[in-house]
Amino acid sequence: MATVTQENPLVEGLERLPVHPTTLVIFGGTGDLAHRKLLPAIYNLAHEGQLPERFNLIAMARSEMPHEEYQKTMRDSIRRYSRTEPNLEVLDALLENVRYISGSFDDSEAYDQLQQCAQWFDDRAGIVFNRIFYLSTAPQFFPVIVEQLGQKKMDRIKGAEVRIVIEKPFGTDLASAKKLNRSVLREFRESQVFRIDHYLGKETVQNLLAFRFANTFFEPIWNRNYIDYVQITAAEDLGIGGRAGYYDQSGALRDLIQNHMSQLLALLCMEVPASIGANPLRDEKVKVLRAIEPPTLEQVRAMAVHAQYGPGTVGGERVTGYLEEDGVPAHSRTETYAALRLHVQNWRWAGVPFYLRTGKRLARKVTEIAITLKPVPHLAFRETGSLGVQPNQLILTVQPDEGVSLSLGAKIPGNLMRIRPVNMEFHYGTAFLSQSPEAYERLILDAMRGDASLFTRNDEVEAQWSIYDPVLEAWHNAADALPQYPAGTDGPEEANALLEPGHHWRQL
């Protein structure tokens with residue numbers, strides 16, 4: 001009797017698409033990002049069987065060390081930061097094809113060694129590996145590395161695909177972003193360039209598209225007729241740690257709003273693309289960003305607030321203020337908190353305010369999108385003890401507890417018609433009984449496949465900077481004192497002035 005094999009519905013969508021043999025080069029292979037995120041992500045891809053069957057890794061940095069020492073360092077990083085317990089057999093097999101090159105990023109001879117090492121992998125395997133150059137370095141080295149790769153003719157390889165992955169920040173303002181784009185596009189075609197924003201690799205961010213476009217009941221209300229206002233929050237309870245050198249030159253707006261939060265806004269507001277492919281998806285996001293009119297310098301005060309955290313209490317412990325942090329200049333005006341009110345001036349969203357806020361040393365760590373619907377037109381439920389009919393809210397939590405909740409008005413049990421809000425909740429961990437992959441795992445794999453859907457295009461980057469350039473300029477030229485907020489709170493009181501009548505910030 002023939003055996004009937006039934007498909008397992010739990011593995012639907014988990015198919016492993018083939019990936020061409022690849023040599024991945026990490027510039028800045030000894031840096032913090034490489035050790036904490038990139039190397040563990042590569043291991044987890046190997047552990048899940050998602051790396052190509054033939055895969056090589058070349059790390060390049062200034063430190064002098066032999067291949068074996070770098071392999072040991074990589075092993076230690078994976079043991080410490082991997083989301084899964086390392087399997088020694090998988091790890092040993094991965095490390096066999098890891099090489100290290102020492103040299104500064106403007107050293108022509110180091111690129112000769114790089115070229116020879118990559119060619120050695122090709123010759124040994126008898127095939128031409130695809131190349132991915134991952135720029136995990138300080139931003140000032142991006143144009144240097146790109147130019148060196150171009151001079152050595154490594155931007156094109158016969159019989160193979162060549163791609164370059166560039167970490168954020170992509171510029172510090174519109175002018176520098178345009179300049180960097182010109183530098184990169186002199187050597188590489190736009191189709192080869194993958195500007196990474198790791199937020200786009202998070203499952204909840206991608207699921208925003210699924211919730212919008214795979215569920216009929218969301219689309220009819222996803223517009224100005226039913227949505228009252230939207231809040232996007234990226235709050236952190238930690239301070240700047242030992243990153244004063246970077247953070248004081250960046251600030252909250254450059255660090256999170258210009259890139260991550262703007263991408264969340266674009267995904268939330270975009271029209272349905274013709275297909276979930278790289279260019280159709282990014283075409284629709286650019287339309288949203290271009291529909292946000294940049295403010296004039298005079299308008300900035302009414303639509304944007306910046307502040308710094310002062311001393312306070314976080315998790316029951318007293319903490320110092322920003323100006324007392326090691327390495328921060330005594331008179332720094334760098335914002336650790338930024339909040340803005342934006343409007344998307346198109347047919348779907350005209351009149352709906354979008355509130356964006358981010359900050360260090362706030363009450364708790366959370367990244368979420370809160371969509372508040374307009375209240376019902378008739379409030380009939382006013383019994384004593386009733387909280388009344390509250391506007392429905394759809395909350396998409398990106399971190400730390402990935403999921404979605406919807407608040408509904410429900411009757412309190414008893415004889416009286418009393419109403420209070422209740423939540424319907426969906427959590428990734430319990431719904432799928434699995435741990436979500438790290439964002440970098442998805443993005444590295446997509447880069448190897450050549451799928452740029454979750455990477456930003458040059459016109460996206462410039463459209464984002466166009467919105468925030470006037471805000472940064474106005475803050476830079478402001479003469480008044482920078483507002484302060486106590487560490488461990490929800491932020492400065494001044495942020496309330498951004499809210500339109502009847503709106504309020506969600507409590508952290």
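1. A search of the whole structure finds 4 cavities of 30 Å³ or more, a cavity being a set of points on a 1 Å grid over the protein atoms alone where a 1.4 Å probe fits but cannot get out. The largest cavity holds about 130 Å³ of space, the volume being that filled by probe spheres set on the points. This is a predicted model, in which local features need pLDDT of at least 70 and side-chain atom pairs pLDDT 80 or more, while totals for chains, interfaces and linings use all residues. Residues are numbered from 1 along each chain as its sequence is written, and side-chain values use heavy atoms, without hydrogens and water.

2. The largest cavity is lined by 15 residues, with Lys168, Phe170, Ile196, Asn259 and Thr456 nearest its centre; lining residues have an atom within 4 Å of a point. S6, helix H9 (252-269) and H14 are the elements that give two or more residues to this lining.

3. In helix H6 (residues 174-187) the end C-alpha atoms are 21 Å apart, which agrees with the 20 Å that its 14 residues should span at 1.5 Å a residue. Leu174, Ala177, Leu180, Asn181, Ser183 and Val184 of H6 are buried, that is, under 20% relative accessible area with a 1.4 Å probe, protein chains only. The buried residues of H6 pack against helix H5 (142-151), strand S5 (162-166), strand S6 (193-196) and helix H14 (458-477).

4. Lys152 lies in the loop between H5 and S5 and counts as buried because its relative accessibility is 18%. Leaving aside residues up to four places away in sequence, Lys152 touches Ser108, Tyr111, Asp112 and Gln115, contact meaning heavy atoms within 4.5 Å.

Definitions and conventions: Helices (H or I, at least four residues) and strands (E, at least two) are DSSP runs, numbered from the N terminus. The expected span of a helix is 1.5 Å times one less than its number of residues. Buried means under 20% relative accessible area, exposed over 50%, partly exposed in between (1.4 Å probe, protein chains only). On a 1 Å grid over the protein atoms alone, a cavity is a set of points where a 1.4 Å probe fits but cannot get out, and a pocket is an open set with protein on both sides within 12 Å along at least five of seven lines; lining residues have an atom within 4 Å of a point.
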